[in-house]
Amino acid sequence: MADQVAPDLENSNVPAAPAPPATPGAAPAPSQISQTALPRKPKQDRPPEQDPGIWRMNRRNLLSVAGWMGFFGFILASTVGALRYMFPRVLFEPPTKFKAGFPQDFVIGEVSEKYKDEKRVWIVREKDGFYALISICTHLGCTPRWLPGESKFKCPCHGSGFYKTGINFEGPAPRPLERAQIGLTDNGEIEIDRSIKFLYEKNEWAKEGSFLPFLG
Amino acid sequence: MALLDQIRKSEIYKSIFRHSYQDTQRNRALQIVDNVFLHLHPVRVPRHATNIGYTWGMGGITFLLFIVLTITGVILMFYYRPTAQYAYEDMKYLMNDVPFGPLMRNMHRWAAHAMVLTVMLHMFRVFLTGSYKPPRQFNWVVGVILLVLTLLLSFSGYLLPWDQLAIWAVTVGTNMARATPLLGHEGPFGAELGMRINNDVRFVLLGGTEVGPPTLLRFYVGHCIFLPLIAAIFMIVHFWRVRKDGGISGPESKKNV
């Protein structure tokens, strides 16, 4: 490599050479030197070291840039892969949609804690139908307890209290309990999907699915 | 005596101890500089740096506690399995049947509580003595990062006993991550950016949509490997910067008063 560059430099130091090398301070790029100092040859005859090409890049630069692009590309791709790795595709959690038995199995006026442990849902039977409350305290996410004697939900963590309807009335909870979607299957079983929620403060308790009308 | 002389002249001895015990300034400095462990400590300590009333020694005590926690933590790892099936039982086993198990676990527990305290007291002292001022402002920032790492280590370790207190404390703690701006599904602009309960920052922390076995494993790896490594790196920078910023800060010299 050095041998091939040497004649070029000698050329530029010849006093009779054209202007560019003589101007001090503004050192011209090597490619310009070669173009002005050497007689212009057809492109295919010029040595590739001096040919900047359309991207103004010689052979050595190209390898260097390709190398760095490969390096950073690898780092970037590995990082993206490692980040995606942290989001599992399969969750080993109970399904959000489940069947909760027949409506006749529930007693009017009672809060059923049958599905609280497994699904974190209370099923409340009133005279005119059913609703499902999600048993997650709206304060910080603990599981409140149903106290039949006082007819209220009470959270053991910070003392939030909710009426049977789910409306908050004491403690730090900022909003009522959330209701889950409740409906009937074709064979008349109650079906609850706790991934679909109805929020009182957004007036969603009037919506279809938040309440299951049932007289019987 | 002849044997002792022979040992002192042996290749191995001279490779480890390169300087004699000559009590000269130069030799004492060389002893510190040429030792990989001692060289972390400055060769010369200013008189004011030994004034406990001024420094409280809180930074050093914090580092000591970190070392205690590293050693007892590794010891606990010999018996503890981070799976939902075994974690609580292993903790009980450590506390009841493993010889010196309670000592090791309690050392780890109390040192952890103490470390949070000493970090805060260290920060308080640095604030009171104005040691956060230039040229030490960057080290204050490193210190704040170390404070956060200490709290994260404390929080992640809290889940590992896998009892009711642990699970609910972490449930409450990670529920706050729901409200993270941009990255949490209940936070500002979270929903607009497509955050849902199963793809936001809380989901990554928990490895699921609720605290469960994947959470235990994630917190375990974070607590035992990831966070201590990051903390160690920042500690290296922290100590190095103390030296580079002119050593431990002291009272203003009498000339300026």
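How many helices and strands does the secondary structure of chain A contain?

Figure 1. The secondary structure of chain A comprises four helices and eleven strands; helices (H or I, at least four residues) and strands (E, at least two) are DSSP runs, numbered from the N terminus. Because this is a predicted model, local features need pLDDT of at least 70 and side-chain atom pairs count only at pLDDT 80 or more, whereas totals for chains, interfaces and linings use all residues. Residues are numbered from 1 along each chain as its sequence is written, and chains are lettered from A and ligands numbered from 1 in the order in which they are written. Of the 216 residues in chain A, 19% are buried; a residue is buried if 20 or more other C-beta atoms lie within 10 Å of its own, exposed if 12 or fewer, and partly exposed in between, with C-beta atoms placed from the backbone. Among contacts in chain A between residues at least 6 apart in sequence, 40% join residues at least 24 apart; two residues are in contact if their C-beta atoms, placed from the backbone, lie within 7 Å.

**Figure 2. The largest nonpolar core.** This core has 19 residues, a nonpolar core being a set of buried Ala, Val, Leu, Ile, Met, Phe, Trp, Tyr and Cys residues joined through C-beta atoms within 7 Å. Trp122(A), Ile123(A), Phe130(A), Ala132(A), Ile182(A) and Ile192(A) have the most contacts inside the core. At least two core residues come from each of strands S3 (121-126), S4 (129-134), S9 (179-184) and S10 (190-198) of chain A. Beyond its neighbours within four places in sequence, Trp122(A) is in contact with residues including Val111(A), Lys116(A), Ala132(A), Leu133(A) and Trp146(A).

**Figure 3. The side of chain B that touches chain A.** Twelve residues from chain B and nine residues from chain A take part in the contact. On the side of chain B, helix H9 (164-175) and helix H10 (201-206) are the elements that give two or more residues. H9(B) provides the largest share of this side, four residues. By class, the side of chain B has four nonpolar, seven polar and one charged residues; Ala, Val, Leu, Ile, Met, Phe, Trp, Tyr, Cys and Pro count as nonpolar, Asp, Glu, Lys and Arg as charged, and the others, Gly among them, as polar.

Figure 4. Pro134(B) and Pro135(B) are joined by a cis peptide bond, with omega about 10°. Leu182(B) counts as partly exposed because it has 13 C-beta neighbours inside 10 Å. Phe189(B), found in the loop between H9 and H10 of chain B, has a positive phi of about 65° although it is not a glycine. Phe189(B) is exposed, as 11 other C-beta atoms lie within 10 Å.

**Figure 5. The helices of chain B.** Chain B has eleven helices and zero strands. Its radius of gyration, taken over C-alpha atoms, is 24 Å, well over the 18 Å that the globule rule (2.2 Å times the number of residues to the power 0.38) gives for 257 residues, so chain B is more spread out than a compact globule. The C-alpha trace of chain B spans about 70 × 55 × 30 Å along its principal axes.
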